[in-house]
Amino acid sequence: MNVWQLVAVGLVMLLGLLGVLVPGIPGPLIVWAGAMWWALSEKSGPAWAVLIGATALLLLNQVVKWLLPPRAPREAGAPYRTLFLAGLAGIVGFFLVPVLGCPLGAVGGLYLLERVRLGGHGEAWASTRTALRATGLSVLVELFACLLVAGAWIGVVAAG
C-alpha cells in the first residue's frame with residue numbers, strides 16, 4: 001500500500017473510533033472495515049493476523065456488551081457532549097499511555113468536565129459514577145476493543 005492508502009485506512013479507523021462515541025454510528029464495524037480493506041490490499045501474513053484478531057476481538061466485544069446490564073443514558077445526568085468529550089479523552093489517553101490510558105483518560109476527562117459543569121468535587125464525582133454506570137461501561141468496552149484493533153494495525157504498519 002502506498003502512503004495515501006494507509007492514511008485513508010487510518011482515517012476510516014479514526015472515523016470508527018469516533019463512531020463509538022456517537023449513538024447510531026456502528027464504530028466497531030467501521031474499524032473492522034478499515035482493517036479488512038488494509039488486509040485485502042496488503043495480502044501479508046501479519047495483515048491477515050490483524051484482520052483475524054480484529055474479527056475475533058470485535059465479536060467478543062459484542063458478546064461482552066450484550067452481557068452488560070442495560071442502563072438508560074438519561075439517568076446519567078451528564079450531557080451527551082460531556083460523554084463525547086470524555087470518550088475523546090479516552091482515545092488520546094490510549095495513545096499517550098498505551099492500553100491503560102483509555103480508561104484513565106475517559107474517566108479523568110469525564111470527572112474534569114463534570115467538575116467544570118457542576119462546580120464541586122462531590123457533585124462531580126457523584127455524576128461521574130452515575131454516568132459510568134449508565135453509559136460509560138458499555139461505551140468504554142467498545143472503545144477499548146476498537147482501540148486495540150487500531151493499535152494492532154498501527155503496530156504492524158510501523159513494523160513494516
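This briefing walks through the helices of the protein chain above and a few of their residues.

The structure is a predicted model. Its protein chain has a mean pLDDT of 88, with 94% of the residues at 70 or more. Two helix pairs take up much of the tour: H1 with H2, and H4 with H5.

**Confidence**

- Of the chain's elements, helix H2 (residues 27-42) has the highest mean pLDDT, at 95.
- The lowest mean pLDDT among the elements, 86, belongs to helix H4 (residues 80-96).

**H1 and H2, side by side**

- When two helices pack, the angle between their axes and the distance between those axes describe the arrangement.
- Helix H1 (residues 3-21) packs with H2 at an angle of about 165°, and the two axes are 7 Å apart.
- Roughly antiparallel means an angle over 145 degrees, so H1 is roughly antiparallel to H2.
- The H1 and H2 crossing is left-handed.
- On the H1 side, the residues that meet H2 include Leu 6, Val 9, Val 12, Met 13 and Leu 17.
- On the H2 side, the residues that meet H1 include Ile 30, Val 31, Gly 34, Trp 37 and Trp 38.
- Leu 29 also lies in helix H2, and it is exposed because its relative accessible area of 53% is over the 50% cut-off.
- Leu 29 sits 16 residues from Met 13 in sequence, and their C-alpha atoms are 9.7 Å apart in space.

**H3, a helix of the expected length**

- Helix H3 covers residues 45-67, which makes 23 residues.
- From its first C-alpha to its last, H3 reaches 33 Å, close to the 33 Å expected at 1.5 Å a residue.
- The buried residues of H3 are Ala 47, Val 50, Leu 51, Ala 54, Leu 58 and Asn 61.

- H4 and H5 pack at an angle of about 145°, with 7 Å between their axes.
- The crossing of H4 past H5 is right-handed.
- From H4, the residues meeting H5 include Thr 82, Leu 83, Ala 86, Gly 90 and Phe 94.
- From H5, the residues meeting H4 include Cys 102, Gly 105, Ala 106, Gly 109 and Leu 113.
- H5 has 18 residues that should span 26 Å at 1.5 Å a residue, and its end C-alpha atoms are 25 Å apart, which agrees.
- Buried residues of H5 include Cys 102, Gly 105, Leu 110 and Tyr 111.
- After H5 comes Gly 119, which has a positive phi near 95°.

- Gly 101 is found in helix H5, and it counts as buried because its relative accessible area of 4% is under 20%.
- Eleven residues along the chain separate Gly 101 from Gly 90, and their C-alpha atoms are 6.7 Å apart.
- Leaving aside neighbours within four places in sequence, Gly 101 is in contact with Gly 90, Gly 93, Phe 94 and Ala 106.
- Glu 114 is in H5 too, within residues 101-118, and it is buried, with a relative accessible area of 0%.
- Not counting residues up to four places away in sequence, Glu 114 touches Ala 78, Pro 79, Thr 82, Gly 119, Ala 124, Ser 127 and Thr 128.

How values were computed. Residues numbered from 1 in each chain as written. Predicted model: local features only at pLDDT ≥ 70, side-chain atom pairs only at ≥ 80, totals over all residues. Heavy atoms only, no water. pLDDT = per-residue confidence, 0-100. Helix = DSSP H or I, 4+ residues; strand = E, 2+ residues; numbered from the N terminus. Expected span 1.5 Å × (residues − 1). Buried < 20%, exposed > 50% of the residue type's maximum accessible area, 1.4 Å probe, protein only. Contact = heavy atoms within 4.5 Å. Axes fitted to C-alpha atoms, helices over the stretch in contact; angles between N-to-C directions. Parallel < 35°, antiparallel > 145°, perpendicular 65-115°, else oblique. Left-handed = near helix turned anticlockwise from the far one by under 90°.
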